[in-house]
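Let's take a friendly walk through this model, from its charged pairs to its core. Keep the viewer open as you read.

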Amino acid sequence: MSTMLEGQKRTENRQLTLALHGAVYRLETARTPFLAYAKEYLADFTAARNALPDVLVRLHWDTAPPKFWHNGAVRRWGRRILQLDHQAGRRVLQTEVLQLPGLQLDASWSARGLTIDAYYQPTSRLERLAHWLGRETARLFVTLIYYLVYFPLIHYLEQTRGWHLLHAGAVSHPDGAWVLAGLPGSGKSTFTLALLADPQFRLLSDNLLLFDGERVYACPEPIHLSPVSHGLLPS
């Protein structure tokens, strides 16, 4: 009995379960530093561990992906994405992520939902040294969180609810939501937070929103501001 409980505890220590607008997400990885960072970064929408996931992501750290085998038609979307059609469901392979070299994604849809096997291998000598020392940068971890958490969850909501992603900030107001769109670095976060000086406004999101044609839905995430932006905000 004690061995079984130890095994269950070990499994739970390698998992992170989240919920966003009714969609349940689970991350599984043995890379403890990244998992600890993700748990703190995403603390605002953690969920019960026993919830069945609609989106399951398994991160294999410093592991080469298995050799690619397929039965059925293959469609190539550019140089880095392959789509497979087979009886079990849809499957997409992304062999390279330009913003994060060393990351490969194997995603498949089935009746249970979306499953992604992600394989990450450090590519530079500095990254390999940091990996060996267990001192990966926060920038690497945040980039992984976007590709392994936010994007899969948003894709699931797009496919199952018909929602759309907006790169925008938003605040709620008695008259409705104010949506502030703009390119990265244009001041969306600063202006969105500055509006909170008026007590009629409440923060929905400063970066990502989901939209169903009538309403906007928040996508919670920590807010990244430069010292200059901090100085522009009300106390």
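A salt bridge here is a side-chain nitrogen of Lys or Arg within 4 Å of a carboxyl oxygen of Asp or Glu. With that criterion, the structure, which is a predicted model, holds four salt bridges.

Let's begin with Asp117 and Arg58, whose side chains meet in a salt bridge at 2.9 Å, N to O. Asp117 belongs to strand β8 and Arg58 to strand β3, so this pair ties together parts that lie 59 residues apart in sequence. How enclosed are the two partners? Asp117 counts as buried because its relative accessibility is 14%, under the 20% cut-off. Arg58, with a relative accessible area of 28%, is partly exposed.

Next, have a look at Asp106 and Arg91, which form a salt bridge at 2.7 Å, N to O. Here strand β7 supplies Asp106 and strand β6 (residues 89–94) supplies Arg91, so the link joins parts 15 residues apart in sequence. Asp106 is buried, its relative accessible area being 17%. Another salt bridge joins Glu214 and Arg215, with the closest N and O atoms 3.8 Å apart; Glu214 and Arg215 are both exposed.

Now turn to the strands. β1 and β2 pair in the antiparallel sense over six bridges, and Val24 in β2 is the bridge partner of Ala19. Their hairpin has two residues between the strands, and His21 takes a positive phi near 50 degrees there. β2 also pairs with β3, this time in the parallel sense over five bridges, with Thr29 standing opposite Leu59 of β3. Six of the seven residues of β2 are buried, so this strand is largely enclosed by the rest of the structure.

That brings us to the nonpolar interior. In soluble globular proteins, nonpolar side chains tend to be buried together. In this model, the largest nonpolar core has 45 residues, and those with the most contacts inside it include Tyr25, Phe34, Leu103 and Tyr150. Among the elements giving two or more residues to this core are β1 (15–20), β2 (23–29), α2 (32–41) and β3 (55–61). Which element gives the largest share of this core? That is α4, with 14 residues.

Leaving aside residues up to four places away in sequence, Phe34 touches Leu27, Thr29, Leu59, Trp61, Phe141, Leu144, Ile145 and Leu148.

How values were computed. Residues are numbered from 1 along each chain as its sequence is written. This is a predicted model: local features need pLDDT of at least 70, side-chain atom pairs count only at pLDDT 80 or more; totals for chains, interfaces and linings use all residues. Side-chain values use heavy atoms; hydrogens and water are left out. A nonpolar core is a set of buried Ala, Val, Leu, Ile, Met, Phe, Trp, Tyr and Cys residues joined through side-chain atoms within 4.5 Å. Buried means under 20% relative accessible area, exposed over 50%, partly exposed in between (1.4 Å probe, protein chains only). Helices (H or I, at least four residues) and strands (E, at least two) are DSSP runs, numbered from the N terminus. Contact means heavy atoms within 4.5 Å. Two strands pair if DSSP finds at least two bridges between them.
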